Amino acid sequence: MQDAVATMSEESRQHFSELLQRHRGVVYKVAHSYAWTPEDRADLAQEIATQLWRAFPGYDGRRPFPTWMYRVALNVAISQVRREERQRRQRVTLDVMPDVVDESAASPESLVALEQLQKVIAAQDPLNRALVLLYLDDYGNREIGDILGLTETNVSTRISRLKQRIRERMK
């Protein structure tokens, strides 16, 4: 794979750069969902971008780029979470993400609800966090299944259970 990256044409490099710039929100959403400090988010975003670059020669242009991007980004994030969990074996709490929400435009009630939702999402295992992230980003069950390697039925069942769990914890 490294050889493929080294031999990429300037046109391919430019194309990758344009696609990454256009869909950079995917990288930031995943980084904000799987890393809790600004430094960790920046590190994770950089690692995701690096892995996207390395995997780009294998990207099938017939598939939507954001879908492929999510698959790579979530795999990188989940791998990092598992690695960190093995190293620390302790729970990490979710910081409020003020750089994601314009606090001046949000009501105090919505900020409290957002913080509560973030905590509920953070308490989920990495796969369920990915499901919630993709669901909230309006991906369909089939697309989510493609990204995460699950069947459409499995995605539907898991999302239904997650929604119920979130409703119960948000009361």
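Axes here are lines fitted to C-alpha atoms, for helices over the stretch in contact, and the angles between N-to-C directions run from 0 to 180 degrees. With that in hand, here's a quick tour of this predicted model.

**H2 against H4**
- Helix H2 (residues 10-22) packs on helix H4 (residues 38-55) at an angle of about 140 degrees, and their axes sit 11 Å apart.
- The crossing of H2 past H4 is right-handed.
- On the H2 side, the contact comes from Arg13, Phe16 and Leu20, while H4 brings Ala49, Leu52 and Trp53.
- Sorted by type, the residues of this contact are five nonpolar, no polar and one charged.

**The largest nonpolar core**
- This core holds 43 residues, and the ones touching the most other members are Val30, Tyr34, Leu52, Tyr70 and Leu74.
- Elements giving two or more residues to the core include H2, helix H3 (24-34), H4, helix H7 (126-136) and helix H8 (141-148).
- The top contributor is H5, with eleven residues.
- Leu74 touches Val30 and Tyr34, plus Ala130, Leu133, Leu134, Ile147 and Leu148, leaving aside residues up to four places away in sequence.

**Helix H6**
- H6 runs for 15 residues and spans 21 Å from its first C-alpha to its last, close to the 21 Å expected at 1.5 Å a residue.
- Gln118, Val120, Ile121 and Ala122 are buried in H6.
- Those buried residues of H6 pack against H7 and H9.

Key
Residues are numbered from 1 along each chain as its sequence is written. This is a predicted model: local features need pLDDT of at least 70, side-chain atom pairs count only at pLDDT 80 or more; totals for chains, interfaces and linings use all residues. Side-chain values use heavy atoms; hydrogens and water are left out. Helices (H or I, at least four residues) and strands (E, at least two) are DSSP runs, numbered from the N terminus. A crossing is left-handed if the near helix is turned anticlockwise from the far one by less than a right angle, and right-handed if clockwise. Contact means heavy atoms within 4.5 Å. Ala, Val, Leu, Ile, Met, Phe, Trp, Tyr, Cys and Pro count as nonpolar, Asp, Glu, Lys and Arg as charged, and the others, Gly among them, as polar. A nonpolar core is a set of buried Ala, Val, Leu, Ile, Met, Phe, Trp, Tyr and Cys residues joined through side-chain atoms within 4.5 Å. Buried means under 20% relative accessible area, exposed over 50%, partly exposed in between (1.4 Å probe, protein chains only). The expected span of a helix is 1.5 Å times one less than its number of residues.
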